[in-house]
Amino acid sequence: MLTISPLITQLKDIIQQARNQAYRAVDAIQVQTYWQIGQHIVEFEQQGENRAQYGSKLLTQLSEQLTAEFGKGFDASNLRKMRLFYQTFPIRDALRPELSWTHYRRLLRVEDDSARQWYMNEAAEQNWSSRALDRQIGTLYYERLLVSQNKQAVSDEAKQQLIEQNKQLAPKGFVRDPMMLEFLGIGGIEKLLEADLEQALMDKLQDFLLELGKGFAFVARQQRVSTESKDFYIDLVFYNYLLKCFVLFELKTGELNHQDIGQMDMYVRMYDDLKRGPDDNPTVGIILCTNKDESIVRYSVLKDSEQLFASRYRLILPSEEELRQELEREKQQIAQLKKEQTKGE
């Protein structure tokens, strides 16, 4: 009997190498593009005092026009990072092509020039993932090496920690990275992932809420909210014009835990700070948790909004039980559909 195992192994290696090359190529182009954007913004601002004073208004205007033409990824916060990227790394040839935009975003938060340069070179030479780089910076690896009399022990410990943490990025991770999709201008992240139960459920839930007819207006899927140091992506965002408030949805697979609740509370607080208008009521968060045994729905309301939620929000928003039943019904329908598709193959 003819065995094709050696051929399969060879073909897998070829495909994996090609995908890795494609990923690195997009990374390199993204870094170069953002550096050039930062360069042009800085040079424009430096051409006159009035332009320099224009400051944040310039970034806001640029963001509006670039987003209208190229989609997400060019908001004022990101443009500000691109400007800082150029200012921090003014020599383009000194950039390490092995590193991604995520690497450089993390390096921008290192204040010491020598430390930043060391982390950049080590990340490139040691093939650190952005997660690994984040860990090394967070544990002050460079600083500990400087003051330690036993540098080898510090180095060995750091390498051992990375061995446990480091996992190769699967090829599909390239497709699932929202920041990469924004750069490429690929819209409809949810369409790329709709084969997943989680994304299919979000599709169904979105339709369910709009069909309720109780003031829900769709805002965004996978909406990014950013702090100075980190980006977060909210699964589903609506605005309820009857309540005059934003409503955030997060879908979790597996069992609901305190960390999930704390994360939603953080999203609600961030949304109030970053997106809520002067006439808007406090933001509401809703956590949808689904596992094979039971679906659970929890509202997340900040403490100073509890009275408003009890007296007014509950009259308009669907109850936890209504959402739970809808989640369970849609979950069963999707499971049945997948079962029928499997039979037909």
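**Close-up A. Ala28, Val31, Gln32, Leu95, Arg96, Pro97 and Leu99 line the largest cavity.** This is a predicted model, in which local features need pLDDT of at least 70, side-chain atom pairs count only at pLDDT 80 or more, and totals for chains, interfaces and linings use all residues. Residues are numbered from 1 along each chain as its sequence is written, and side-chain values use heavy atoms, with hydrogens and water left out. A cavity here is a set of points, on a 1 Å grid over the protein atoms alone, where a 1.4 Å probe fits but cannot get out; lining residues have an atom within 4 Å of a point. Grid points are joined across faces, edges and corners, and the volume is the space filled by probe spheres set on the points. By this rule there is one cavity of 30 Å³ or more, and the largest cavity holds about 40 Å³ of space. Its lining divides into five nonpolar residues, one polar and one charged. Ala, Val, Leu, Ile, Met, Phe, Trp, Tyr, Cys and Pro count as nonpolar, Asp, Glu, Lys and Arg as charged, and the others, Gly among them, as polar.

**Close-up B. The largest nonpolar core brings together 34 residues.** Such a core is a set of buried Ala, Val, Leu, Ile, Met, Phe, Trp, Tyr and Cys residues joined through side-chain atoms within 4.5 Å. Buried means under 20% relative accessible area, exposed over 50%, and partly exposed in between (1.4 Å probe, protein chains only). Look for Phe85, Phe89, Tyr104, Leu107 and Tyr119, which have the most contacts inside this core. Helix 1 (5–45), helix 2 (49–70), helix 3 (76–88), helix 4 (101–107), helix 5 (113–125), helix 6 (130–138) and helix 7 (141–147) each supply at least two of the core residues. Helix 1 gives the most, with six. Helices (H or I, at least four residues) and strands (E, at least two) are DSSP runs, numbered from the N terminus.

Close-up C. Contact means heavy atoms within 4.5 Å. Arginine 83 is found in helix 3 and, at 16% relative accessibility, counts as buried.

**Close-up D. Strand 1 (residues 216–226) and strand 2 (residues 231–240) pair in the antiparallel sense over nine bridges.** Two strands pair if DSSP finds at least two bridges between them. Alanine 217 in this view stands opposite tyrosine 239 in strand 2. Strand 1 is mostly covered, with eight of its eleven residues buried. For strand 2, ten of the ten residues are buried, so strand 2 is largely enclosed by the rest of the structure.

Close-up E. Is asparagine 127 buried or exposed? With 58% relative accessibility, asparagine 127 counts as exposed.

**Close-up F. Strand 4 (residues 284–290) and strand 5 (residues 295–300) run antiparallel, joined by six bridges.** Leucine 288 stands opposite valine 297 in strand 5. Val284, Ile286, Leu288 and Thr290 point one way from strand 4, while Gly285, Ile287 and Cys289 point the other way, and all are buried. With seven of its seven residues buried, strand 4 is largely enclosed by the rest of the structure.

**Close-up G. Leucine 317 lies in the loop between helix 14 (306–316) and helix 15 (320–344).** Leucine 317 is buried, with a relative accessible area of 5%. Not counting residues up to four places away in sequence, leucine 317 touches Phe216, Asn240, Leu243, Val247, Val284, Tyr299 and Phe309. Leucine 242 is 75 residues from leucine 317 in sequence and 9.9 Å away in space, C-alpha to C-alpha.

Terms used. 1 Å grid on protein atoms, 1.4 Å probe; cavity = no way out; pocket = protein on both sides within 12 Å on 5 of 7 lines; lining within 4 Å.
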